[in-house]
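Q: Could you walk me through how the helices pack in this one?

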Amino acid sequence: MLVEILISLCLVISGIFGLVGSVGLIKLPDAMMRLHAPTKATTLGVGGALIASMLYFYFVVGRFSFHELMITLFLFLTAPITGHFIAKTHLHLGHKPEDLPPTGSERPWANYESDESRAAIETPESAVNEAARKSG
Amino acid sequence: MLRKILPHPYLTLLLLVVWQMLVNKITLGNLVLGLILGILIPLVTAPYWPNTPRLRSIPRIVEYVLLVLWDICVANVQVAYIILFKSNANTRPAWVTIPLELKTPEAITVLAGTITLTPGTVSSDLSADGRSLLVHCLDAPDPESVRDQIKARYERRLMEIFE
């Protein structure tokens with residue numbers, strides 16, 4: 001009984017955060033802000049459903065299931081990377097380097113550095129030096 | 001010699017554990033198969049990942065993971081509040097530059113992933129020399145405090161783990 005309440009609670013929480021993430025997609029005005037909505041749906045939204053599933057299998061079916069942990073791990077690995085891709089594409093399409101804050105060093109954000117200027121700085125020798133600096 | 005057979009011992013351990021979880025049943029056969037995969041995959045991929053990162057302390061990694069999970073829960077509620085109850089005119093999105101003290105690519109990747117997973121901040125770009133990170137905040141009336149919080153809360157701990 002108590003377990004059923006707990007499972008339902010997890011499912012409701014997961015549903016609420018999934019819904020809020022979708023509402024955010026409609027409501028927020030520009031692409032960078034809309035990108036914040038799916039990071040929520042994948043964390044607490046999916047997380048709640050996975051915890052509910054683990055509780056169900058452990059207490060109702062009677063065996064422990066690891067698959068939910070795997071789903072969490074794979075989501076946590078892939079969600080930031082897709083988010084990063086979308087942000088970079090958006091920067092390419094809709095932003096100028098002047099819109100962004102300065103990097104604080106001579107070189108620009110990686111998105112805006114041309115291949116020619118990168119090749120001029122990153123000669124094979126400098127790459128070796130850089131590797132030495134990082135490992136040292 | 002051991003380095004030659006196991007170029008990434010942590011990766012071997014991780015693959016072994018992940019394999020047990022994927023098959024969802026721990027038997028001797030699965031352990032052996034997991035161990036074979038755990039030895040073969042790091043050997044095959046070693047040329048793409050030459051410098052093994054040194055991990056300083058396991059308890060600190062556990063502490064970091066728990067901290068991030070807790071922050072994800074708290075930040076979820078905060079962002080849900082912003083989406084549901086704050087008008088778009090009152091929301092202050094901001095770009096924040098985070099100067100990095102972390103040097104190893106693995107540590108910077110973990111920091112960028114953490115920033116994206118905690119709702120309200122998305123890491124968007126890295127400077128060409130890898131010394132600062134561009135972060136977009138959903139609602140940051142005070143961008144400096146966001147920067148200081150990320151540096152104090154996550155980067156300091158990652159420094160202790162990786163460098």
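What follows is a short exchange about the contact between the chains and some helix pairs.

Q: Before we start, what kind of model is this?
A: This is a predicted model, and its local features are reported where pLDDT is at least 70.

Q: Let's look at H4(A), then; how does its axis cross that of H5(B)?
A: The axes of H4(A) and H5(B) come within 9 Å and cross at roughly 85 degrees, which makes H4(A) roughly perpendicular to H5(B).

Q: Which residues meet there?
A: From H4(A) they are A:Phe76, A:Ala79, A:Pro80, A:Gly83 and A:His84, and from H5(B) they are B:Ala112, B:Gly113, B:Thr116 and B:Leu117. Sorted by class, this contact of H4(A) with H5(B) has five nonpolar and four polar residues, with no charged residues.

Q: Switching to H3(A), where does it bend?
A: H3(A) bends by about 30 degrees at A:Gly47. With 26 residues, H3(A) reaches 36 Å from its first C-alpha to its last, which is close to the 38 Å expected at 1.5 Å a residue.

Q: How does H3(A) lie against H4(B)?
A: The axes of H3(A) and H4(B), the latter being residues 58-85 of chain B, come within 10 Å and cross at roughly 135 degrees. That angle makes H3(A) oblique to H4(B), and the crossing of the two is left-handed.

Q: Who touches whom in that pair?
A: A:His36, A:Lys40, A:Thr43 and A:Leu44 of H3(A) meet B:Ile72, B:Cys73, B:Asn76 and B:Val79 of H4(B). The residues of this contact of H3(A) with H4(B) comprise four nonpolar, three polar and one charged.

Q: Back to H5(B): how is it arranged relative to H6(B)?
A: The axes of H5(B), residues 105-117, and H6(B), residues 143-162, come within 10 Å and cross at roughly 150 degrees, and the two are therefore roughly antiparallel to each other. H5(B) passes H6(B) in a right-handed crossing.

Q: And which residues make that contact?
A: H5(B) brings B:Glu106, B:Ala107, B:Val110, B:Leu111, B:Thr114 and B:Ile115, while H6(B) brings B:Ile150, B:Tyr154, B:Glu155, B:Leu158 and B:Phe162. Taken by class, the contact of H5(B) with H6(B) has eight nonpolar residues, one polar and two charged.

Key:
Residues numbered from 1 in each chain as written. Chains lettered and ligands numbered in written order. Predicted model: local features only at pLDDT ≥ 70, side-chain atom pairs only at ≥ 80, totals over all residues. Helix = DSSP H or I, 4+ residues; strand = E, 2+ residues; numbered from the N terminus. Expected span 1.5 Å × (residues − 1). Bend = angle between axes of the 7 residues up to and from the residue. Axes fitted to C-alpha atoms, helices over the stretch in contact; angles between N-to-C directions. Parallel < 35°, antiparallel > 145°, perpendicular 65-115°, else oblique. Left-handed = near helix turned anticlockwise from the far one by under 90°. Contact = placed C-beta atoms within 7 Å. Nonpolar A, V, L, I, M, F, W, Y, C, P; charged D, E, K, R; others polar.
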